[in-house]
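Work through the exercises below with the sequence and the model in view. Each task is followed by a solution in steps.

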Amino acid sequence: MARTTAQSAAKANKSGTRKRQVKLRTKTHFYKPKTLRLARTPKYTRKSVQGQNPMDKHRVIKFPVTTESAMKKIEDNNTLVFIVDILANKRQIRAAVREMYDIKCEKINTLIRPDGKKKAYVRLTSDSDALDVANRIGII
């Protein structure tokens with residue numbers, strides 16, 4: 001038995017125990033193999049409270065404009081003029097006007113004034129009157 005073990009060990013030493021085949025690669029690019037990706041299981045939540053929307057209705061609309069040209073817009077074009085946040089977009093302005101004053105907007109035009117503030121012209125639908133809304137807000 002000892003002799004056969006020694007012979008098999010000598011044979012293994014001489015020829016090697018296993019032959020390794022070289023994998024034939026047919027593509028020129030090497031793709032990293034997909035390995036196991038486990039879902040995260042955190043020990044505790046990283047945020048203690050849920051984050052709030054930074055663009056709420058009171059941040060979007062700062063104040064109404066009460067100049068003579070704005071009054072002319074109210075009377076002639078059924079349009080209210082507001083100074084709004086510089087980062088607010090037209091959808092946010094529309095939602096803020098709907099929430100704060102309960103009126104529907106037909107169209108909103110915006111511009112950035114030379115002093116860096118954003119002005120919004122809010123055209124109301126034909127069923128709501130800008131004069132009544134301006135009285136309710138306290139512009140007039």
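**Exercise 1.** Which elements are included in what covers the buried residues of α3?

Solution. The model is a predicted one, in which local features need pLDDT of at least 70 and side-chain atom pairs count only at pLDDT 80 or more, while totals for chains, interfaces and linings use all residues. Residues are numbered from 1 along each chain as its sequence is written, and side-chain values use heavy atoms, with hydrogens and water left out.

Step 1. Locate the helix: α3 spans residues 68-77. Helices are DSSP runs of H or I with at least four residues, strands are runs of E with at least two, and both are numbered from the N terminus.

Step 2. Find its buried residues, which are Ala-70, Met-71 and Ile-74. Buried means under 20% relative accessible area, exposed over 50%, and partly exposed in between, with a 1.4 Å probe and protein chains only.

Step 3. These residues lie on the same side of α3, because they cover an arc of only 105° around the axis; the arc is that of the directions from the helix axis to the C-beta atoms. An α-helix has 3.6 residues a turn, so residues three or four places apart point the same way.

Step 4. Name the cover: β2 and α5 (130-137) are included in what covers the buried residues of α3. Contact here means heavy atoms within 4.5 Å.

**Exercise 2.** List the exposed residues on the face of α3 turned away from its buried side, and describe what comes just after the helix.

Solution. Step 1. The face turned away from the buried side carries Glu-68, Ser-69, Lys-72 and Asp-76.

Step 1. Just after α3 comes Asn-78, with a positive phi of about 55°. Asn-78 lies in the loop between α3 and β2, and counts as buried because its relative accessibility is 15%.

Step 2. Asp-102 is placed in the loop between α4 and β3. With a relative accessible area of 64%, Asp-102 is exposed.

**Exercise 3.** Is Asp-85 buried or exposed, and what does its side chain join?

Solution. Step 1. Asp-85 sits in the loop between β2 (79-84) and α4 (90-101).

Step 1. Its relative accessibility is 8%, so Asp-85 counts as buried.

Step 2. The side chains of Asp-85 and Arg-59 are joined by a polar contact of 3.1 Å. A polar contact is a pair of N or O atoms within 3.5 Å; within protein, one must be able to donate a hydrogen and the other to accept it, and residues adjacent in sequence count only if both atoms are side-chain atoms.

Step 3. Leaving aside neighbours within four places in sequence, Asp-85 is in contact with Met-55, Arg-59, Val-60, Lys-62 and Lys-118.
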